[in-house]
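Reader: I have a structure to go through and I'm new to it. Can we take it piece by piece?

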Amino acid sequence: LGRAIPAGGTVDDRAVEAFVADTVTRHLPAGFTLIAGTGGWRDTATGRTITEPTLVLVVLHPAGERSAVEAVARAWAERFGQQAVLRVEQPVSDLRF
């Protein structure tokens, strides 16, 4: 979840908290982890590599049940004007709590 806003500025902590409260928790009530980081991506309009503050949303879910994650990604892109939101899926063979 890139925090740079294409029109200028960044998604501030209050906006992130609101997004988590009204979107992430609604779509992912079983839980998630949010990790702050720095991301890099290639701007499709200019071809330049951009770095920006980023949030990594970690979600464990049954294989094939990705609609909630996709809904969160779409909502982030729409709300903050993002070109794309990266999603990666990795099977887990043994998970215990």
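Author: One term comes before the rest: contact means heavy atoms within 4.5 Å. Also, this is a predicted model.

Reader: Fine. Leaving aside neighbours within four places in sequence, what is Phe19 in contact with?

Author: Phe19 is in contact with Val24, Val72, Ala75, Trp76, Arg79 and Phe80, once neighbours within four places in sequence are left aside.

Reader: Which residues touch the most other members in the largest nonpolar core?

Author: Val16, Phe19, Val24, Trp76 and Val85 do, in a core of 15 residues. Helix 1 and helix 2 each supply at least two residues of this core. Helix 2 gives the largest share, five residues.

Reader: Why would such residues be together at all?

Author: In soluble globular proteins, nonpolar side chains tend to be buried together.

Reader: Back to helix 2, then. Which of its residues are buried?

Author: Ala71, Val72, Ala73, Trp76, Ala77 and Phe80. These buried residues pack against helix 1 (13–27) and strand 2.

Reader: What span should helix 2 have, and what do its end C-alpha atoms give?

Author: Helix 2 covers residues 67–80, which is 14 residues, and at 1.5 Å a residue they should span 20 Å. The end C-alpha atoms are 20 Å apart, so the two agree.

Reader: What follows helix 2?

Author: Gly81 does, and its phi is positive, near 65°. Gln82 also has its place in the segment after helix 2.

Reader: Is Gln82 buried or exposed?

Author: Buried, because its relative accessible area is 12% and the cut-off for buried is under 20%.

Reader: Which backbone oxygen lies 2.8 Å from a polar atom of the Gln82 side chain?

Author: That of Ala4. With neighbours within four places in sequence left aside, Gln82 is in contact with Gly2, Ala4, Ile5, Pro6, Glu52, Trp76 and Ala77.

Reader: New topic. Where is Thr54?

Author: Thr54 is in strand 2, residues 49–58.

Reader: And is Thr54 buried or exposed?

Author: Thr54 is buried, because a relative accessible area of 16% falls under 20%.

Reader: What does the Thr54 side chain reach at 3.0 Å?

Author: The backbone oxygen of Glu52.

Reader: Which residues does Thr54 touch, not counting those up to four places away in sequence?

Author: On that count, Thr54 touches Leu1, Gly2, Arg3, Ile35, Ala36, Gly37, Thr38 and Gly39. Gly2 is also among the contacts of Gln82.

Notes: Residues numbered from 1 in each chain as written. Predicted model: local features only at pLDDT ≥ 70, side-chain atom pairs only at ≥ 80, totals over all residues. Heavy atoms only, no water. Helix = DSSP H or I, 4+ residues; strand = E, 2+ residues; numbered from the N terminus. Buried < 20%, exposed > 50% of the residue type's maximum accessible area, 1.4 Å probe, protein only. Polar contact = N/O pair within 3.5 Å; in protein donor to acceptor, adjacent residues only side chain to side chain. Expected span 1.5 Å × (residues − 1). Core = buried A, V, L, I, M, F, W, Y, C linked by side-chain atoms within 4.5 Å.
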